[in-house]
Amino acid sequence: MPTLRYINRQNQWEEKTFARTIYIGTEPRAETAETESLQLPPDPYMSAEHALVTRSELTLKPVLVDLCGCDTRVNGVPIQQLKVLHHGNAIYLGKTSLFFSEIRIIKLKEDSGHCPLCGDPLLAGEEAIVCPRYPSILHSECWFSTRKCPDAGCEYPNYDVIMDSLGAYPWHIRFERALPFDSPLIQQGLSCSANQVRDFVPFQRNEAVVYCPGKLLHPCNISYHLQCWLEMAKCPNCGYEIREVLTTTFGSRE
Ligand SMILES: [Zn+2]
Ligand SMILES: [Zn+2]
Ligand SMILES: [Zn+2]
Ligand SMILES: [Zn+2]
């Protein structure tokens, strides 16, 4: 889920996450199912509707669009109408700055200390994710295996971000963030279909569950623990390409 950090009217840092498209300016804009709005403190160099950030339909990359032909820069460089954004970019609209962050899988260029989750070293060439809240680095496998960032005081909601990202355009995958006690999965004593050791125990209250969005002749719809699902390359029942969806959404595995 892309996030913009900025300084609000109370002169404090604030975070705004958005699903698909967000308009940024000094005037509020009516929000719709497709678009959100971010109103920033008055700035004589900023327009009522200054810019927007949206996700390219083709590449799924976040793009900054200048709507007013005025002062719009990324990392200090003026943009020509459009600019693909990357995690960590600084956006300047007039005198106001915003920081764009997003979860991306990166390939480590050098050894980078130890992973705060598993304690193993982070080696050059390994895939990793930088937590967007504090710049700590986790193995990407470790990042996807934990509900929240393990750094003390960080609590970045990894699972919520995964479910927000994959539940939105273009995947629209169905999740259960915390199974309620009266869920049919619990009432019928069903188990996760991943056949992991943890799956000898049937579904429990508050577990995060995903319903497979794949289709063979019929919708697959099999239920898995979110954690089990993230560990599999494909759905064993219908062949849905889980790894590919994660790669497209969060970054490359070359
Ligand atoms: Zn690790
Ligand atoms: Zn963190
Ligand atoms: Zn499972
Ligand atoms: Zn399936």
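Guide: Two strands count as paired if DSSP finds at least two bridges between them. The model discussed here is a predicted one.

Visitor: How do you know that β12 and β13 are joined, and in which sense do they run?

Guide: Three bridges join β12 (105-107) to β13 (127-130), and the requirement is at least two, so the two strands count as a pair. They run antiparallel. One of the bridges links Ile105 to its partner Ile129 in β13.

Visitor: What makes β13 and β14 a pair?

Guide: Three bridges are found between β13 and β14, again in the antiparallel sense.

Visitor: In what order do the strands of the three-stranded open sheet stand?

Guide: The order is β12-β13-β14, with antiparallel pairing.

Visitor: Why is one side of β12 and of β14 left without a neighbour in the sheet?

Guide: Each of these two strands has a single partner strand and stands at an edge, so one of its sides has no neighbour in the sheet. From one strand to the next, the twist averages 45 degrees.

Visitor: Which strands form the open sheet of six?

Guide: The order of that sheet is β2-β1-β11-β10-β7-β8, and the pairing is antiparallel.

Visitor: What makes β2 and β8 edge strands?

Guide: Strand β2 (13-17) and strand β8 (77-78) each pair on one side only, which is what places them at the edges.

Visitor: How do you know that β10 and β11 pair?

Guide: Strand β10 (residues 90-93) and strand β11 (residues 96-101) share four bridges in the antiparallel sense. The threshold is at least two bridges, so this counts as a pair. Leu93, for instance, has Thr96 in β11 as its bridge partner.

Visitor: Why is Ala124 called exposed?

Guide: Ala124 has 10 other C-beta atoms within 10 Å. A residue with 12 or fewer is exposed, so the term applies. Ala124 is placed in the loop between β12 and β13.

Visitor: Which residues does Ala124 touch, leaving aside those up to four places away in sequence?

Guide: Ala124 touches Leu108, Lys109, Glu110 and Asp111. As for Glu110, its C-alpha atom is separated from that of Ala124 by 4.2 Å, although the two residues are 14 apart along the chain.

Visitor: Where does Asn195 lie, and is it buried or exposed?

Guide: Asn195 lies in the loop between α3 (184-187) and β16. Its count is 11 other C-beta atoms within 10 Å, so Asn195 is exposed. Its phi is also positive, near 60 degrees.

Visitor: Which residues have the most contacts inside the largest nonpolar core?

Guide: They are Leu138, Val209, Tyr224, Leu226 and Trp229, in a core of 29 residues. The elements that give two or more residues to this core include β13, β14 (137-139), α1 (140-144) and α2 (158-167). The largest share, four residues, comes from α2.

Visitor: Why does this core lie between domain 2 (103-154) and domain 3 (157-250)?

Guide: Both domains give residues to the core, so it lies between them. Among the residues that Leu138 touches, beyond those up to four places away in sequence, are Cys115, Leu117, Ile129 and Trp143.

Visitor: Which residues does the second, separate core include?

Guide: The second core has 15 residues, including Phe18, Ile22, Leu93 and Phe100.

Visitor: How many Å separate the centres of domain 1 and domain 2?

Guide: Taken over C-alpha atoms, the centres of these two domains are 27 Å apart. The assignment places domain 1 at residues 3-101 and domain 2 at residues 103-154.

Note on methods: Residues numbered from 1 in each chain as written. Chains lettered and ligands numbered in written order. Predicted model: local features only at pLDDT ≥ 70, side-chain atom pairs only at ≥ 80, totals over all residues. Buried ≥ 20, exposed ≤ 12 C-beta atoms within 10 Å, placed from the backbone. Contact = placed C-beta atoms within 7 Å. Domains from an automatic or database assignment. Core = buried A, V, L, I, M, F, W, Y, C linked by C-beta atoms within 7 Å. Axes fitted to C-alpha atoms, helices over the stretch in contact; angles between N-to-C directions.
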